[in-house]
Amino acid sequence: MLSLLAQTATGEFLEGLKAIGAGLGYGLAAVGPGVGIGLVVGNAISAMARQPESAGMVRTTMFLGIAFTEALALIGFVVFILLLP
Amino acid sequence: MRILALEFPPVSHLFDWPTIWFDGTPLAVNKTVLIYLAATAATMVLFGLAGRTRESLVPVGVQHVAESGVNFIENSVVMQTIGPDGKRFMPFLTSMFFFILFSNITEVIPFIQFPANSRMAIPITLALLVWVIYNVVGVKSQGVFGYLKNSLFPPGVPKVLYVIVTPIELVSTFVVRPFSLAIRLWANMVAGHLLLVTFAILTATLWDFFYVPAALPFLMLIAMTAFEILVSVLQAFIFTILTAVYIGGSMHPEH
C-alpha cells in the first residue's frame with residue numbers, strides 16, 4: 001500500500017484526496033438536514049391535517065423551519081464547491 | 001473537465017461572464033449586471049404602472065398582479081411574523097421580494113438562463129442591509145442596553161446556562177445570520193443552475209450520439225425547470241420572511 005502511494009505523484013494524490021473529501025463532505029452534510037426536513041414537513045402535515053383552519057400559519061412556520069434546517073446542507077454544498085479541484 | 005465521457009465545462013466557466021461595456025472600470029457591465037438592472041427596472045415598472053392607473057376600483061392587469069403581491073406580503077409575511085406595527089416595513093419587504101424574484105426567475109427564461117443571484121455580490125449586500133436594519137430597529141425600540149440584554153441573555157433560561165447560551169447567541173445573532181441569509185439564496189441558485197446545465201449537456205450529448213435516449217434527460221430537464229421556478233419563488237419568499245422574522249424579533253423581544 002505504501003509503495004503504491006509512493007509511486008503516485010504527490011499532486012495527483014492530493015487532487016484525488018480533495019475530490020474524495022469534497023464528495024464525502026457534501027454527502028455527509030446532506031444526511032442530517034435530510035432527516036430534519038423530513039421531520040419538519042411530516043409534523044407540519046400532521047398539524048395541518050388535525051387543524052386545517054391553521055394551515056396558513058403552519059405553512060409559514062414550516063418554510064421557516066425548512067430554511068433553517070436547509071442552511072446546514074447548503075454549507076456542505078459550499079464546501080463541496082470550494083474543495084472542487 | 002470530462003465526467004463519464006461528457007464534456008462538462010468547469011464550474012467557474014458557468015458563472016463568469018465576459019465584460020460587455022466599460023471594461024477595466026469599476027462600472028464594468030456584464031450579463032449579471034444587466035440582469036440586475038433589468039430586475040430593478042421590472043420592479044419599478046410593475047409598481048409604477050400599478051400605482052398610476054386610478055380609473056377603475058376593480059384592479060385589472062398589472063395593477064392586479066401588484067396588488068396581489070402586496071396582499072401576499074402583507075398577509076403571509078408581515079402579519080404572521082411582525083404584526084400590525086410591522087406595516088411600515090411593507091415597501092421595503094415588497095420591493096425586495098419582487099427584486100429577488102425577478103433576478104432569480106431569469107434562471108428559466110429562455111436565452112437568458114442565468115440566475116443573477118448565483119453571484120454572491122447582491123445576496124451579501126442585501127443580507128448586510130437586513131443586518132443593519134434589524135439592529136437599528138432593535139436599538140430604536142428597546143434601547144442599546146435592552147436590545148443587547150434581550151438578544152444575548154434570552155429570558156426563561158436558567159442562570160447557569162448563560163455560560164453556554166450567550167456566546168452561541170452572540171455568534172448566531174450578529175455574525176452567522178447575514179451570512180446564512182446570503183448563502184441560502186446564493187447556494188440554492190448555484191445548485192439549480194448546475195442541475196439544469198447538467199441535464200442540458202446530457203441531453204445534447206445523447207442527441208448527438210443516439211437520438212432516442214435523449215428523451216429521458218430531456219423529460220428530466222423539463223421537470224427540473226418546473227422545480228426551479230418553484231425554487232426561485234420560494235427563495236425570494238424565504239429571504240423576505242426571514243428578514244421579517246429578524247425585524248420582528250428585534251421589535252418585540254420575548255418575555
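Q: Which residues in α7(B) are met by B:Val130, B:Ile133, B:Tyr134, B:Val137, B:Gly138, B:Ser141 and B:Tyr147 in α5(B)?
A: Heads-up: this is a predicted model, where local features need pLDDT of at least 70, side-chain atom pairs count only at pLDDT 80 or more, and totals for chains, interfaces and linings use all residues. Residues are numbered from 1 along each chain as its sequence is written, while chains are lettered from A and ligands numbered from 1 in the order in which they are written. Being in contact takes C-beta atoms, placed from the backbone, within 7 Å of each other. On the α7(B) side, that gives B:Thr243, B:Tyr246, B:Ile247, B:Ser250 and B:Met251.

Q: Are α5(B) and α7(B) roughly parallel or roughly antiparallel?
A: Axes are lines fitted to C-alpha atoms, for helices over the stretch in contact, with angles from 0 to 180 degrees between N-to-C directions. Helix α5 (residues 121–152) of chain B has its axis within 8 Å of that of α7(B), and the two cross at roughly 10 degrees. Angles under 35 degrees count as roughly parallel, over 145 as roughly antiparallel, 65 to 115 as roughly perpendicular and the rest as oblique. So α5(B) and α7(B) come out roughly parallel.

Q: How many charged residues are in the contact of α5(B) with α7(B)?
A: Ala, Val, Leu, Ile, Met, Phe, Trp, Tyr, Cys and Pro count as nonpolar, Asp, Glu, Lys and Arg as charged, and the others, Gly among them, as polar. On that scheme, the contact has 8 nonpolar and 4 polar residues, and the charged count is none.

Q: At roughly what angle do the axes of α3(B) and α7(B) cross?
A: The two axes come within 8 Å. The pair counts as roughly parallel. The crossing angle is roughly 30 degrees.

Q: Which residues of α7(B) make the contact with α3(B)?
A: From α3(B) come B:Ile73, B:Val77, B:Val78 and B:Thr81. The contact has 6 nonpolar, 3 polar and no charged residues. Its α7(B) members are B:Thr240, B:Ile241, B:Ala244, B:Val245 and B:Gly248.

Q: Which elements of chain B give two or more residues to the side that touches chain A?
A: Helices (H or I, at least four residues) and strands (E, at least two) are DSSP runs, numbered from the N terminus. The contact takes 13 residues from chain B and 14 residues from chain A. By class, the chain B side has 9 nonpolar, 3 polar and 1 charged residues. The contributing elements are α3 (61–81), α6 (162–209) and α7 (215–251).

Terms used
Two residues are in contact if their C-beta atoms, placed from the backbone, lie within 7 Å.
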